[in-house]
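I opened my notebook to record what I looked up, step by step. Here is the structure I worked from.

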Amino acid sequence: MAEHVLNAEGLNCPLPILKAKKALKSVPQGEILVVTSTDPGSVADFAAFCNQTGNELVSSSNEGNVYRFEIKRV
Amino acid sequence: MPDNVTHEEMDNAKSMSIIVTKGTLDWAYPPFILATTAAAMDINVTMFFTFYGLALLKKDLDLKISTLGNPAMEMPMMGMHMAMPNIVSVIPGVDRMATTMMKNLIKKKGVASIPELREAAVDLDIRIIACQMTLDLFELKQEDMIDGIEIGGAATYMETATKSDINLYI
């Protein structure tokens with residue numbers, strides 16, 4: 001399984017979400033997209049995005065100023 | 001209907017319409033941010049551009065901000081916040097300066113540009129309607145506008161609005 005990664009660091013709302021949506025299109029169903037961002041608002045936004053779209057937010061964590069999200073495409 | 005979308009998904013799909021009435025750089029943000037984000041969240045979005053909002057559909061975007069009628073406006077500057085009282089708007093070059101400051105801030109903070117958001121709106125298949133009456137009023141031609149837009153009037157908007165879960169006026 002190839003790893004799908006999106007670096008959205010340095011981008012502000014709503015770019016991480018827009019880029020994630022675009023990136024998810026090329027992720028096969030059931031596989032995971034890893035997104036990193038530096039926008040603190042993206043923590044709440046990725047949770048809301050996944051709730052609305054039905055994609056699964058497998059994990060949401062942060063290390064220093066970098067936030068990391070694992071999104072499983074449904 | 002695309003093949004990969006089930007009937008259930010179509011039935012569950014939410015929809016939103018936005019009337020866009022303002023054409024300055026600052027006021028271009030709320031409608032484009034909400035519309036593109038909603039579309040990314042699988043919400044069907046229609047944007048109806050009327051009056052000054054129509055400027056946001058021009059091929060050549062030259063958006064500015066005005067300090068006039070914007071009494072709460074403050075720009076960060078050297079760790080402080082500089083107020084922009086209405087009165088400074090009469091000084092030649094102030095609005096140009098405020099526009100340059102805003103564009104620099106947008107770049108520095110990783111905020112999307114309006115052309116970038118508009119492109120995303122088209123990519124996300126947002127339905128874009130330009131107001132026919134405004135085109136006539138301001139003597140604008142469809143050739144001056146970006147491709148992929150519809151031309152329509154109040155009735156076109158209302159038909160969409162009655163079927164939408166969310167209707168916004170910005």
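My entries below go from the confidence scores to the chain contact and then to the core.

**Entry 1: confidence.** I began by noting that this is a predicted model. I looked up its overall scores and found ipTM 0.85 and pTM 0.86.

**Entry 2: where the chains meet.** I asked how many residues of chain A are in contact with chain B. I found eleven, and they meet eleven residues of chain B. Next I checked which helices of chain A supply this side. Helix 1 (15-24) and helix 2 (42-53) each give at least two residues. Helix 1 of chain A gives the most, with four. I then sorted the residues on this side of chain A by class. Six are nonpolar, four are polar and one is charged.

**Entry 3: two helices crossing.** Is the crossing left-handed or right-handed? I recorded it as left-handed. From helix 1 of chain A, the contact uses Ile17(A), Leu18(A) and Lys21(A). From helix 2 of chain B, it uses Thr36(B), Thr37(B) and Ala40(B). By class, I noted three nonpolar, two polar and one charged residues in this contact.

**Entry 4: Trp27(B).** I stayed on helix 2 of chain B, where Trp27(B) lies. Why does Trp27(B) count as partly exposed? I found 19 other C-beta atoms within 10 Å of Trp27(B). A buried residue needs 20 or more, so Trp27(B) is partly exposed. I also looked along the chain to Ile170(B), 143 residues apart from Trp27(B). The C-alpha atoms of the two are separated by 8.1 Å.

**Entry 5: the core.** I turned to the largest nonpolar core, which has 47 residues. Which members touch the most others? I listed Ala35(B), Val45(B), Met47(B) and Phe49(B). Helix 2 of chain B provides the largest share of this core, seven residues. As background, I wrote that nonpolar side chains tend to be buried together in soluble globular proteins.

**Entry 6: Phe49(B).** I picked Phe49(B) and left aside its neighbours within four places in sequence. Its contacts include Val20(B), Leu54(B), Leu56(B) and Leu57(B). I also found Ile129(B), Ala130(B) and Cys131(B) in contact with Phe49(B).

Technical notes
Residues are numbered from 1 along each chain as its sequence is written. Chains are lettered from A and ligands numbered from 1 in the order in which they are written. This is a predicted model: local features need pLDDT of at least 70, side-chain atom pairs count only at pLDDT 80 or more; totals for chains, interfaces and linings use all residues. Two residues are in contact if their C-beta atoms, placed from the backbone, lie within 7 Å. Ala, Val, Leu, Ile, Met, Phe, Trp, Tyr, Cys and Pro count as nonpolar, Asp, Glu, Lys and Arg as charged, and the others, Gly among them, as polar. A crossing is left-handed if the near helix is turned anticlockwise from the far one by less than a right angle, and right-handed if clockwise. A residue is buried if 20 or more other C-beta atoms lie within 10 Å of its own, exposed if 12 or fewer, and partly exposed in between; C-beta atoms are placed from the backbone. A nonpolar core is a set of buried Ala, Val, Leu, Ile, Met, Phe, Trp, Tyr and Cys residues joined through C-beta atoms within 7 Å.
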